[in-house]
Amino acid sequence: METRVSLIGILVKNPESVDMVNAILHEYRNYIIGRMGIPYREKNVNLISVAMDAPLDTINKMSGKIGRLKDVTVKTIMTKE
């Protein structure tokens with residue numbers, strides 16, 4: 001199956017959503033190349049970047065699940081076909 005390399009930016013404003021974000025990332029761990037999390041306490045936001053190599057459908061499913069969480073914003077960029 002064809003895969004794409006993607007970079008997913010996640011902003012978490014609701015501390016209660018952090019555990020759910022981590023649970024979803026764990027669910028897709030086999031596709032994750034690397035991740036970095038930065039707690040920005042001065043602005044009460046957590047910044048997470050995730051690099052993935054996965055089928056397009058998998059990237060979209062994961063981003064969609066995370067984006068539906070309360071006070072969580074997700075943006076995805078990826079390689080072209």
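Me: What does Glu27 count as, going by its relative accessibility?
Reply: Partly exposed, at 45% relative accessibility. Keep in mind that this is a predicted model.

Me: Ok. Which residue does Glu27 form a salt bridge with?
Reply: Lys65, and the closest N and O atoms are 2.6 Å apart. That pair ties together distant parts of the chain: Glu27 sits in helix α1 (residues 18-27) and Lys65 in helix α2, 38 residues apart.

Me: And what does Lys65 count as?
Reply: Lys65 is partly exposed too, with a relative accessibility of 29%.

Me: How many salt bridges does the count come to?
Reply: Two. Besides Glu27 with Lys65, there's Asp57 with Lys61, where the closest N and O atoms are 3.2 Å apart.

Me: How far apart are Asp57 and Lys61 in helix α2?
Reply: They're four residues apart in α2, so about one helical turn separates them. In general, an α-helix has 3.6 residues a turn, so residues three or four places apart point the same way. As for accessibility, Asp57 is partly exposed at 46%, and Lys61 is partly exposed at 46%.

Me: Which residues in α2 are buried?
Reply: Thr58, Ile59, Met62, Ser63 and Ile66. They're on the same side of α2, because they cover an arc of only 125 degrees around the axis.

Me: What do the buried residues of α2 pack against?
Reply: They pack against β1, α1, β3 and β4.

Me: Now Ile66. Where is it, and what is its relative accessible area?
Reply: Ile66 is in helix α2, which covers residues 56-67, and its relative accessible area is 0%, so it is buried.

Me: Which residues is Ile66 in contact with, leaving aside neighbours within four places in sequence?
Reply: Ile10, Val21, Ile24, Leu25, Val72 and Val74. Another pair to look at is Ile66 and Met20: their C-alpha atoms are separated by 8.0 Å, though the two are 46 residues apart along the chain.

Me: Switching to the core. In the largest nonpolar core, which residues touch the most other members?
Reply: Ile10, Val21 and Ile66, out of 18 residues in that core. The elements giving two or more residues to this core are β1 (4-12), α1, β3 (45-54), α2 and β4 (72-78).

Me: Which element does the largest share of this core come from?
Reply: β3, with four residues.

Me: What about Val21, which residues is it in contact with once neighbours within four places in sequence are left aside?
Reply: Val21 is in contact with Ile10, Val12, Ile48, Ile66, Leu69 and Val72. Ile66 also has Ile10 and Val72 among its contacts. That puts Ile10, Val21 and Ile66, the members that touch the most others in the core, in contact with one another.

Note on methods: Residues numbered from 1 in each chain as written. Predicted model: local features only at pLDDT ≥ 70, side-chain atom pairs only at ≥ 80, totals over all residues. Heavy atoms only, no water. Buried < 20%, exposed > 50% of the residue type's maximum accessible area, 1.4 Å probe, protein only. Contact = heavy atoms within 4.5 Å. Salt bridge = Lys/Arg side-chain N within 4 Å of Asp/Glu carboxyl O. Core = buried A, V, L, I, M, F, W, Y, C linked by side-chain atoms within 4.5 Å. Arc of directions from axis to C-beta.
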